[in-house]
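Reader: Could you walk me through how to read the interfaces, charge pairs and core in a model like the one below?
Author: Gladly; let us start with a definition and then go to cases.

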Amino acid sequence: MKEWIYFFDLCGTAVFALSGALAAGRHRMDPFGVIVLASVTAIGGGSIRDALLGTTPVFWIRDPNYIIVILATVLLTLIFIRKPKKVPQYTLPVADALGLALFTVIGAEKALNLGLSGMIAVVMGLITGVGGGIIRDILCRQVPMILRTEIYATASIFGGISYTCAIAWGLADKVALAVAMISALVIRLAAIKWHLRLPAFDLKKT
Amino acid sequence: MKEWIYFFDLCGTAVFALSGALAAGRHRMDPFGVIVLASVTAIGGGSIRDALLGTTPVFWIRDPNYIIVILATVLLTLIFIRKPKKVPQYTLPVADALGLALFTVIGAEKALNLGLSGMIAVVMGLITGVGGGIIRDILCRQVPMILRTEIYATASIFGGISYTCAIAWGLADKVALAVAMISALVIRLAAIKWHLRLPAFDLKKT
Amino acid sequence: MKEWIYFFDLCGTAVFALSGALAAGRHRMDPFGVIVLASVTAIGGGSIRDALLGTTPVFWIRDPNYIIVILATVLLTLIFIRKPKKVPQYTLPVADALGLALFTVIGAEKALNLGLSGMIAVVMGLITGVGGGIIRDILCRQVPMILRTEIYATASIFGGISYTCAIAWGLADKVALAVAMISALVIRLAAIKWHLRLPAFDLKKT
């Protein structure tokens with residue numbers, strides 16, 4: 001894998017580990033519980049992707065750096081964030097958005113690298129991007145972000161489509177990654193900021 | 001795979017995608033959320049089956065038609081079903097029952113094709129049949145159907161046993177499939193219609 | 001695999017199947033629902049481990065004894081435990097603790113056998129030990145044990161660390177297994193008995 005993609009992958013791991021650790025703190029989990037929730041959030045999506053692709057053992061078994069990044073992130077979180085007041089309201093959703101954008105592109109890149117089609121690459125980006133957060137929300141018994149009406153899966157799908165199109169159009173890898181990541185991130189952050197939502201499919205009985 | 005089994009597999013994908021899309025509509029999800037929920041419902045069970053069997057990449061990565069069927073089903077659902085009133089009360093459970101019956105037989109068939117025992121084939125039918133619906137219900141924070149007291153897993157297990165016995169007794173594949181699918185479907189539909197349930201194992205403290 | 005490890009593995013399967021069956025009884029599930037819940041509890045963690053490691057088909061597909069042990073356990077539970085009063089208050093948590101200790105060591109042992117590092121072995125022990133219980137709790141819509149503040153994941157992580165250290169220090173396999181299992185079990189049982197908990201990471205807004 002290209003070094004800078006690897007670097008972004010570890011960054012995504014750190015921000016998702018942070019988002020898992022913050023969610024754990026809101027549920028008053030003990031330090032080892034924090035490690036578990038940070039881990040499933042950070043490597044859950046990529047693990048599902050690798051298991052479905054059959055590229056096993058999954059990535060974090062082959063490369064211990066992912067676990068080390070998670071442990072370091074949890075340690076720093078436990079040391080430096082001791083009071084709820086120190087966590088600005090938007091920290092968790094913004095960390096989640098950054099991880100979503102990074103992991104979407106990385107998931108799509110891995111699928112294209114395996115010679116899979118653009119459509120499957122978008123799906124793999126989506127699974128990598130939203131998988132960990134869904135597991136985190138289910139374990140915390142919160143409404144999964146993906147269920148809330150704000151734009152979420154949409155941002156990942158748009159990021160994946162941008163990336164695969166950019167690659168198909170012959171853009172340089174770095175440019176494609178930047179374009180796709182920024183588009184997913186901007187869409188998601190705008191959705192958080194202004195509570196944007198697409199028109200809902202509404203079958204709710206009133 | 002035989003063509004007509006493939007055809008039934010795509011039918012099962014469509015009805016489970018419909019059931020996922022209807023569930024998404026009840027939670028007012030946006031169109032991309034609908035696609036996600038329809039997809040996990042339609043291909044979740046088979047994905048777990050393939051990951052456990054190690055027949056990876058899982059089926060829908062190898063064959064894009066599954067994703068295409070899901071996208072088409074979601075599109076048609078979004079276009080034609082716009083009001084709750086248009087969805088008769090039993091649409092979701094009946095679609096779910098049809099998918100359950102179809103996927104149970106297909107899961108059992110795949111296991112037998114790999115040379116696995118009848119017992120494992122029944123389990124694989126069960127995982128394929130109920131897996132997607134369980135993920136859908138967990139994501140929607142509903143009581144998983146499998147937890148409710150009505151006959152549900154039972155229908156799938158009976159369907160799987162019928163199929164493996166019919167094959168073991170030397171019935172033609174088509175006959176075995178028809179017998180098993182109809183028996184699972186009839187059991188499940190009867191359970192929906194008359195609220196049939198087996199005697200419960202009751203340790204609830206009162 | 002060594003015979004006595006295999007024996008312990010089947011014991012762990014039985015106690016986790018019991019814990020799943022008891023949880024099913026509390027939700028008044030029918031006999032086939034009981035089988036499903038007992039099965040996911042007993043083989044869920046190991047299945048995730050094998051899928052992540054890529055040692056597929058997963059263990060219970062290769063060896064039917066696991067399913068047979070589960071079916072026998074469910075049958076005995078259904079026959080002999082008919083009234084809530086007959087289940088002492090601590091039965092479920094103690095069965096869960098025993099399974100946790102057994103499966104942690106077995107998961108770590110399998111990882112070391114594959115030549116993986118001690119760190120990954122601890123993670124594999126954790127996944128094997130807590131995976132099934134988490135799925136059981138999610139299906140039953142209970143707060144996953146791992147989320148509750150009592151020492152839980154911690155017991156598994158300590159057991160895994162004990163085992164990998166004991167093996168690294170050259171202790172005989174049987175001694176290492178006994179030391180690790182007993183340490184995990186004692187930690188967990190003590191936590192149940194005296195409601196021990198580690199200091200929580202508390203970001204709950206009051």
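Author: Buried means under 20% relative accessible area, exposed over 50%, and partly exposed in between, using a 1.4 Å probe and protein chains only. This is a predicted model, where local features need pLDDT of at least 70, side-chain atom pairs count only at pLDDT 80 or more, and totals for chains, interfaces and linings use all residues. Residues are numbered from 1 along each chain as its sequence is written, chains are lettered from A and ligands numbered from 1 in the order in which they are written, and side-chain values use heavy atoms, leaving out hydrogens and water.

Reader: Into which class does Arg28(B) fall?
Author: Arg28(B) is partly exposed, at 33% relative accessibility. Asp202(A) is partly exposed as well, with 30%.

Reader: How should I read a salt bridge, and how many are there over all chains?
Author: Side chains of opposite charge can pair when their charged atoms come close. The rule asks for a side-chain nitrogen of Lys or Arg within 4 Å of a carboxyl oxygen of Asp or Glu. Over all chains, the count comes to 15 salt bridges. One of them pairs Arg28(B) with Asp202(A), at 3.1 Å from N to O. Arg28(B) sits in the loop between α1 (3-26) and α2 (31-53) of chain B, and Asp202(A) in the segment after α8 (173-194) of chain A, so this pair joins two chains. Helices here are DSSP runs (H or I, at least four residues), as are strands (E, at least two), numbered from the N terminus.

Reader: Which partners does Arg136(B) have, and is Arg136(B) buried or exposed?
Author: Arg136(B) is buried, at 1% relative accessibility. Its side chain meets that of Asp96(B) in a salt bridge of 2.9 Å, N to O. Asp96(B) belongs to helix α5 (residues 91-113) of chain B and Arg136(B) to helix α6 (residues 118-139) of chain B, so the pair ties together parts that are 40 residues apart in sequence. Asp96(B) is buried at 0%. Arg136(B) also forms a salt bridge with Asp137(B), with the closest N and O atoms 3.1 Å apart, and Asp137(B) is buried at 3%. In chain A, a network of salt bridges links Arg49(A), Asp50(A) and Arg62(A).

Reader: How much area do chain A and chain B bury between them?
Author: The size of an interface is often given as the accessible area lost when the parts come together. Here buried area is that loss (1.4 Å probe), summed over both parts. Chain A and chain B bury about 2900 Å² between them, 72% of it on carbon and sulfur atoms. On the chain A side, Leu147(A), Phe201(A) and Leu203(A) lose the most area to chain B, together 27% of what that side buries. The contact (heavy atoms within 4.5 Å) takes 35 residues from chain A and 34 residues from chain B. Across this interface the rule finds one salt bridge.

Reader: Which residues touch the most other members of the largest nonpolar core?
Author: A nonpolar core is a set of buried Ala, Val, Leu, Ile, Met, Phe, Trp, Tyr and Cys residues joined through side-chain atoms within 4.5 Å. The largest has 209 residues, and Trp60(A), Trp60(B) and Trp60(C) touch the most other members. Leaving aside neighbours within four places in sequence, Trp60(C) contacts residues including Leu52(B), Ile120(B) and Met124(B) in chain B, and Ile43(C) and Tyr66(C) in chain C.

Technical notes:
Buried area = accessible area lost by both parts, 1.4 Å probe.
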